[in-house]
Amino acid sequence: MATVCVLQFLLGLSDRQAAEAVRCRIDFKYAMAMELDDPGFHHSVLADFRDRLTEDGRADRLLDLSLARPRRPDSCASAPRSAATPPTSWPQCVT
């Protein structure tokens with residue numbers, strides 16, 4: 001859910017748009033390590049996740065975990081970079 005929230009923020013999506021993107025965009029499914037046929041979730045789950053995140057400093061712990069992960073020697077940050085250029089646009093969901 002944290003990954004979806006970050007993508008939602010970066011792309012300026014509403015909860016409904018983010019949930020729809022999880023259902024039909026390959027880049028969202030890839031970022032969340034989901035199967036292509038995964039049905040996704042209801043948009044209200046994002047608001048519930050954000051509410052739970054505000055309890056007991058959970059947001060700070062999540063941020064600490066995500067900042068610490070790239071420092072691990074076995075993380076992908078230490079993998080060699082490819083010269084490939086990322087795509088400039090991703091397929092959009094057609095509804």
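Reader: Where is Gly40 found?
Author: This is a predicted model: local features need pLDDT of at least 70, side-chain atom pairs count only at pLDDT 80 or more, and totals for chains, interfaces and linings use all residues. Residues are numbered from 1 along each chain as its sequence is written, and side-chain values use heavy atoms, leaving out hydrogens and water. Helices (H or I, at least four residues) and strands (E, at least two) are DSSP runs, numbered from the N terminus. Gly40 sits in the loop between α3 and α4.

Reader: Which residues does Gly40 touch, not counting those up to four places away in sequence?
Author: Contact means heavy atoms within 4.5 Å. With that rule, Gly40 touches Val22, Arg23 and Met34.

Reader: What distance separates the C-alpha atoms of Gly40 and Ala19?
Author: Along the chain, the two are 21 residues apart. Their C-alpha atoms are separated by 7.0 Å.

Reader: Is Asp27 buried or exposed?
Author: Buried means under 20% relative accessible area, exposed over 50%, partly exposed in between (1.4 Å probe, protein chains only). Asp27 lies in helix α3 (residues 26–31). Its relative accessible area is 15%, so Asp27 is buried.

Reader: Why are the buried residues of α1 on the same side?
Author: The buried residues of helix α1 (residues 2–11) are Val4, Cys5 and Gln8. The arc is taken from the directions from the helix axis to the C-beta atoms. They lie on the same side of α1 because they cover an arc of only 100°.

Reader: Which helices do the buried residues of α1 pack against?
Author: Val4 is one of these buried residues. They pack against α2 (15–24) and α4 (44–53).
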